[in-house]
Amino acid sequence: MIPPIANRFVAGEEPEAALAHVAEVNDRGVGGILNLLGEHYDDRPSADADADAYCRLVDGIAERGLDASVSVKPSQIGIDLPTTAFEENLARIVDRAIERDVFVWVDMEDHETTDQTLDAVCEQAERHPHGVGLAIQANLKRTEADLERLADVPAAVRLVKGAYDEPAAIAYREQETVDEKYREYLEFLFREFDEGVAVGSHDPAMLEYARELHEEYGTPFEIQMLMGVREDAQFDLAADYDVYQYAPYGPKWFQYFYRRVRERKKNALFALRAVVGV
């Protein structure tokens with residue numbers, strides 16, 4: 001059973017609970033992005049099993065008529081394996097999702113898997129234009145080049161600041177610099193993309209900047225925020241914008257909750273503020 005402090009951030013252990021949570025936020029004007037918790041599998045059966053679970057989740061979303069997508073971590077469907085498991089499982093999930101008119105997001109993990117993730121998503125986007133999207137991290141020094149590549153690909157982009165503690169050689173580590181880069185890349189997305197812009201941020205300053213860029217360029221966009229973080233703001237923003245809540249679920253909730261707190265000191269403080277409402 002998920003304790004109250006974690007229950008705020010995790011939409012249950014079973015898919016039925018997660019789907020019910022999405023139905024609840026849908027009633028308040030917010031969409032859902034469901035992620036089955038699990039990562040870094042070192043065997044094919046585990047990766048295949050999670051891919052199967054995502055296919056069933058897609059069916060559940062479609063059958064209930066929910067405003068929801070799925071978001072997949074590459075390491076849970078085989079990217080760590082010395083095979084083509086990741087590409088095969090991602091293709092299987094996307095094919096099922098396209099059949100059921102459900103969008104697929106692919107999370108970005110640490111820098112060692114960036115190229116393979118980017119290549120796989122681009123391949124799926126060419127097969128199914130505007131049916132997939134990818135998270136891109138503003139703290140990585142390679143991001144400008146990655147966004148330039150994606151500008152010519154029919155895929156959506158979720159721009160996030162980046163939660164992984166990457167080496168200084170490949171990532172910006174000062175928060176002020178990361179914020180500056182986030183603004184720079186956000187402006188690029190609104191200027192160069194006709195659609196598929198997702199602002200993955202809880203930062204009021206970045207959300208306001210996105211509003212300004214929308215007024216300047218007219219590019220449609222959506223806001224993506226985590227379950228349990230600034231939820232009142234999510235429902236308020238939904239009155240004027242497309243807002244989607246990233247809601248993880250599954251029995252592996254402890255690893256997710258613990259990782260989010262320990263990744264960076266700022267995450268621990270942010271989680272504490274979210275819990276106490278300050």
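The model is predicted, so local features need pLDDT of at least 70 and side-chain atom pairs count only at pLDDT 80 or more, while totals for chains, interfaces and linings use all residues. Residues are numbered from 1 along each chain as its sequence is written, and side-chain values use heavy atoms, with hydrogens and water left out. The structure holds 19 salt bridges, and a few of them are picked out here.

**Salt bridges around Asp107**

- Lys73 and Asp107 pair up through their side chains in a salt bridge of 3.1 Å, N to O (the term covers a side-chain nitrogen of Lys or Arg within 4 Å of a carboxyl oxygen of Asp or Glu).
- That pair links distant parts of the chain, 34 residues apart: Lys73 sits in the loop between β2 (68-72) and α4 (85-99), and Asp107 in the loop between β3 (104-106) and α5 (114-127). Helices (H or I, at least four residues) and strands (E, at least two) are DSSP runs, numbered from the N terminus.
- Asp107 also meets the side chain of Arg158 in a salt bridge, at 2.9 Å, N to O.

**Gln224 in strand β7**

- Gln224 belongs to strand β7 (residues 221-226), and it is buried with a relative accessible area of 5%.
- Its side chain makes a polar contact of 2.7 Å with the side chain of Glu222. A polar contact is a pair of N or O atoms within 3.5 Å; within protein, one must be able to donate a hydrogen and the other to accept it, and residues adjacent in sequence count only if both atoms are side-chain atoms.
- Neighbours within four places in sequence aside, Gln224 is in contact (heavy atoms within 4.5 Å) with Ile33, Trp105, Arg158, Ala198, Val199, Gly200, Ser201 and Tyr244. Arg158, then, turns up both in this list and in the salt bridge with Asp107.

**Other salt bridges**

- Glu187 and Arg191 form a side-chain salt bridge of 2.3 Å, N to O. The two are four residues apart in helix α7 (residues 175-192), so about one helical turn separates them.
- Arg44, Asp48 and Glu88 are tied together in a network of salt bridges.

**Positive phi outside glycine**

- Asp101 has a positive phi of about 60° although it is not a glycine. You'll find Asp101 in the loop between α4 and β3, where it is exposed, with a relative accessible area of 73%.
- Arg230, likewise a residue other than glycine, has a positive phi near 50°. Arg230 lies in the loop between β7 and α9 (231-237) and is partly exposed, with a relative accessible area of 32%.

Definitions and conventions. Buried means under 20% relative accessible area, exposed over 50%, partly exposed in between (1.4 Å probe, protein chains only).
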